[in-house]
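Let's take a walk through a protein together, moving from charged partners to open pockets. Have the picture ready and follow along.

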Amino acid sequence: MSKKRILTGDRPTGRLHLGHYVGSLKNRVKLQHDYETYIIVADVQALTTNFANPEKIAGDVRQVTADYLAVGINPEISTILVQSMIPEIAELTVYFSMIVTVNQLRHNPTIKLEAAQYGYQDLTYGFLGYPVSQAADITFCKADLVPVGGDQIPHIEQTRKIVRRFNQLYRPVFPEPEALVGEFPRLMGLDGKSKMSKSLNNAIYLDDPAEEVKKKVSQAVTDPARIRKDDPGHPEVCTVFAYHQAFNQEETPEIAEACRAGKIGCVACKKNLAQVINSLLEPMRERRVPYQNNPALIDDILREGTRKARNVAIETMKEVKAAMHLDYFPI
Ligand code: ATP
Ligand code: MG
């Protein structure tokens, strides 16, 4: 029996961070052995917020790929592809756009939140429609499972709606994909205000040097009610505690108790956390070295992955066009 498929990916809009790790990357690394895994570097989707400075994207395509390799995505078993190099994905987006209502897109909570964050008074068609492009990403390879962070749930739901509508209107071509959300679906940023995000300058990056991690953790927002070291703390409102929960589960109950009793100060608590995060990142730093020394390796991996994925997309599009009666004659 052939393996089930995974499609997952990221926008090349900067370096990947700890939020990506606990939200999605960790699952991908684990599942790549059991599923045929496709990982999309979604550069077309990066344009939804970077249309005015597309020259930035090329570097980020390589950066995101290096981050994948550093966390342990194995290019021998997982396929990493560049979205814009597979025109069939754009083609499928157009067909899907016929069967999505504008209201569904307008009421998508993630779209609303992101539009507000980016300060878009006048949403572009491409931004409003990016869940449709995402549906095409997921379905070109007929994915069964999509490992993502919590903000993506409305988008996967949208994909399922499109798939159901397509299969019912034309012919059953696509499986209905399921979202698989990581253990920590929405890791907070260092500011304690929004989710950790590449675009909000509140992240610890997977390639941050050890010193940088220490510095960022030491500046993270904690319980505002705690002024002196022996004031009783409130771990449930503390960003540093949230990171302990994500990266230092063993010690979490002890830390919560000591914090509530005012027995551990924020400085010591942060020092401990920085160490834990650095020991998670250290093997990633090591895995990154060969690619830093020879960046051409990254392009080789992307070329091979994109070629393989394109063949899959071409086959899917043949089925799509036949289902839609658009297969008039060969040219
Ligand atoms: P941008 O700010 O450019 O949108 P981002 O940090 O939100 O960047 P994306 O490329 O949009 O990153 O998201 C990639 C994947 O990582 C998605 O599955 C998303 O749900 C997940 N993800 C992003 N941020 C977090 C977070 N803070 N916690 C958990 N998962 C996250
Ligand atoms: Mg995002």
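In this predicted model, E88 has a relative accessible area of 10%, which is under the 20% cut-off, so E88 counts as buried. What does E88 pair with? It forms a salt bridge with R310, and the closest N and O atoms are 2.9 Å apart. R310 sits in helix α14 (residues 296-323) and E88 in helix α4, so this pair ties together parts that are 222 residues apart in sequence. R310 itself counts as partly exposed, at 31% relative accessibility.

Now look for another link of this kind. The side chains of D208 and R15 meet in a salt bridge of 2.9 Å, N to O. D208 is found in the loop between β5 (178-181) and α10 (210-219), while R15 is in the loop between β1 and α1, so the two tie together parts 193 residues apart in sequence. D208 counts as buried at 2% relative accessibility, whereas R15, at 29%, counts as partly exposed.

The largest pocket has a volume of about 810 Å³. It is lined by 43 residues, and the closest to its centre are H20, E114, D151, Q152 and K195. Several elements each supply at least two residues of this lining, among them β1 (5-10), α1 (18-31) and α6 (109-118). Sorted by class, the lining has 15 nonpolar, 19 polar and 9 charged residues.

The second largest pocket has a volume of about 530 Å³. Of its 26 lining residues, T93, Y125, G126, G129 and S133 are the closest to the centre. Which helix gives the most to this lining? It is α4, with 6 residues. How many charged residues does the lining of this second pocket have? There are no charged residues in it, but 15 nonpolar and 11 polar ones.

Notes. Residues numbered from 1 in each chain as written. Chains lettered and ligands numbered in written order. Predicted model: local features only at pLDDT ≥ 70, side-chain atom pairs only at ≥ 80, totals over all residues. Heavy atoms only, no water. 1 Å grid on protein atoms, 1.4 Å probe; cavity = no way out; pocket = protein on both sides within 12 Å on 5 of 7 lines; lining within 4 Å. Points joined across faces, edges and corners; volume = space filled by probe spheres on them. Helix = DSSP H or I, 4+ residues; strand = E, 2+ residues; numbered from the N terminus. Nonpolar A, V, L, I, M, F, W, Y, C, P; charged D, E, K, R; others polar. Salt bridge = Lys/Arg side-chain N within 4 Å of Asp/Glu carboxyl O. Buried < 20%, exposed > 50% of the residue type's maximum accessible area, 1.4 Å probe, protein only.
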